[in-house]
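Please look over the structure shown here. The report that follows goes through strands, rings and a sulfur link.

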Amino acid sequence: MRTHIAILSLLLMALGTGTAQAHAFLDHASPLVGSTVQTAPPEVSLSFTQNLEPAFSTVQVTDSSGARVDQGKAQISGSTMRIELKALKPGLYRVRWHALSVDTHTTEGSFTFTVGGS
Amino acid sequence: MSRRPRCPRAFAPALLFLLLSFSQASAHCFVGPRFFPATLVIDDPCVADEMSLPTVDWFKTGTIPSGSQWDISAEFDKRITEDLGFGISDVWSQIRTPGGPVAVGFGNLETTLQYQLLKDASRETAMLLGLIVDWGGTGNSNAGIATPYTLLTPTYYVGQGLGGLPDALGFARPLAVTAQIGYQIPTTSYIVSQNTFIPQVLVYGASVQYSMPYLKSEVKDLQLPDFFNHLIPIVEMQMFTPVANNLGNPSITTGTINPGVIYIGSYYQIGLEAIIPVNGASGNGVGVLGQLHLYLDDMFPETLGQPLIGGRSTPSAKPL
């Protein structure tokens, strides 16, 4: 019994210090994940649940042939990442992102949106 | 594969500091865009820094007459290296049998050594090998809650997300399955005083899970209330089939099916499942199982959330 209680006590003591941070989940995006927009958006904006480390977080937007349609460098402020887009034609586009939260946890993902209902 | 970003020479000292200050981690069970939650009955297919405290369950036993059993357990898992993990757990149980004594006490201490065989981000696949050791004689064997002998269970774990399905099946992409299969070997094959053979047992289980966070961030944002975007509905099952050295014992598979739901927070998850026995030998009626699970790598990223060895690696801007 004492062994069991001692182990449990050590575990609880181990929880007593430290600063909490977490993985950066994609909270919402503009255009919305999986959405269809009638007007070509000038940029893609991604909001995460944690602040990002700008040097190690990236985003890329491609058309259905795989060609890059983003331009310039991704702008990262706090928990938001934005990237400007070239003039988009109607079609399907894929957004790929990779995020490093300020506590160094990595997450990644991708989603599509459609311009013009095609 | 990762690479370091290019930078002007003037920024090199600052970058060097940054590199030395960082440890890139994915810790609990992220495989590319897929997050496998810590399942309540079987284990998830990743090594991680995490703690389940507590897990509480109640069910009616499969004995005749049927008893009422409470279990309260705790589990602590720690990465030794990025791919090698160690876990320790124990359970306190109380079993009330009508007309009989109340059995109370701790089960045997259980340790788990696990090695991450594979994490394939592009295919959302994870594989793990483990050795579970239930240390005989460390619990209350006099009350029948623990065994006086040790159990060794080499176990294989796998997780597969279905994110690779075509866009036409988009709403199926949040699905994932996990499974494990192990072979339990007791260190004693026969108890003379009870004239009982101790069987070798196949231990196997699986889960089917639907990730609402994955649906929202990878497939389609339905703009549901935020609470629903944190849920992972799940069905787990675990079975035990004696396969050898079972002379004189009933040769019957026991197990449970556990439908439920897991709520995913930033630093914790909460799971609630029903316990449905697959036959009379496995239990009577429906029980309940609940768990608070803590992501130690998120709660304590600089201390407990680091592997004991090789925890401070270089971050990278991953090529997309």
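## Sheet in chain A

V61(A) stands opposite V95(A), a residue of β7(A). The model is predicted. The strands β4(A) and β7(A) run antiparallel and are joined by 5 bridges. Both belong to an open sheet of 4 strands in chain A, in the order β2-β8-β7-β4. Pairing in this sheet is mixed. In general, strands of a sheet pair through backbone hydrogen bonds, either parallel or antiparallel.

Which strands stand at the edges, each with a single partner strand? They are β2 (36-37) and β4 (58-62) of chain A. Each has a single partner strand, so one side of each is left without a neighbour in the sheet.

## Chain A overall

Chain A holds 1 helix and 8 strands. Along the sequence the pattern reads α-β-β-β-β-β-β-β-β. Of the 118 residues in chain A, 46% are buried.

Take the contacts in chain A between residues at least 6 apart in sequence: 60% of them join residues at least 24 apart. The accessible surface of chain A comes to about 5600 Å². Carbon and sulfur atoms account for 52% of that surface.

## Aromatic pairs

How many aromatic pairs are there over all chains? The count comes to 9. One of them is Y93(A) with F113(A): the ring centres lie 5.8 Å apart and the planes meet at 25°, so this pair is stacked. The cut-off for stacking is under 30 degrees between planes. The pair links distant parts of the chain. Y93(A) is in strand β7 (residues 91-100) of chain A.

Y268(B) is partly exposed, with a relative accessible area of 31%. That value falls in between the limits for buried, under 20%, and exposed, over 50%.

## A ring cluster and a charge over a ring

Ring pairs also build a cluster. F25(A), F30(B), F35(B) and Y295(B) are linked in this way.

Where does the charged end of R34(B) sit? It sits over the ring of Y214(B), 4.0 Å from the ring centre.

## Hairpin in chain B

Strand β5 (residues 84-96) and strand β6 (residues 102-106) of chain B run antiparallel, joined by 5 bridges. R96(B) stands opposite V102(B) in β6(B). The two strands β5(B) and β6(B) form a hairpin, with 5 residues between them. G99(B) lies in the turn and has a positive phi of about 75°.

## Disulfide in chain B

Over all chains the count is 1 disulfide. C29(B) and C46(B) form it, with their sulfur atoms 2.0 Å apart. The link of C29(B) and C46(B) is right-handed, with 55° about the S-S bond.

This pair links distant parts of the chain, 17 residues apart. C29(B) lies in the loop between α1 (12-21) and β1 (30-31) of chain B. C46(B) lies in the loop between β2 (34-35) and β3 (50-60) of chain B. Both C29(B) and C46(B) are buried.

Notes. Residues are numbered from 1 along each chain as its sequence is written. Chains are lettered from A and ligands numbered from 1 in the order in which they are written. This is a predicted model: local features need pLDDT of at least 70, side-chain atom pairs count only at pLDDT 80 or more; totals for chains, interfaces and linings use all residues. Side-chain values use heavy atoms; hydrogens and water are left out. A disulfide is a pair of cysteine sulfur atoms within 2.5 Å. Buried means under 20% relative accessible area, exposed over 50%, partly exposed in between (1.4 Å probe, protein chains only). Contact means heavy atoms within 4.5 Å. Accessible areas come from the Shrake-Rupley method with a 1.4 Å probe; for residues, only the protein chains shown count as cover. Rings of Phe, Tyr and Trp (its six-membered ring) pair if their centres lie within 6.5 Å; planes under 30 degrees apart count as stacked, over 60 as edge-to-face and the rest as tilted. A charge sits over a ring if NZ of Lys or CZ of Arg is within 6 Å of the ring centre and within 35 degrees of the ring normal. Two strands pair if DSSP finds at least two bridges between them.
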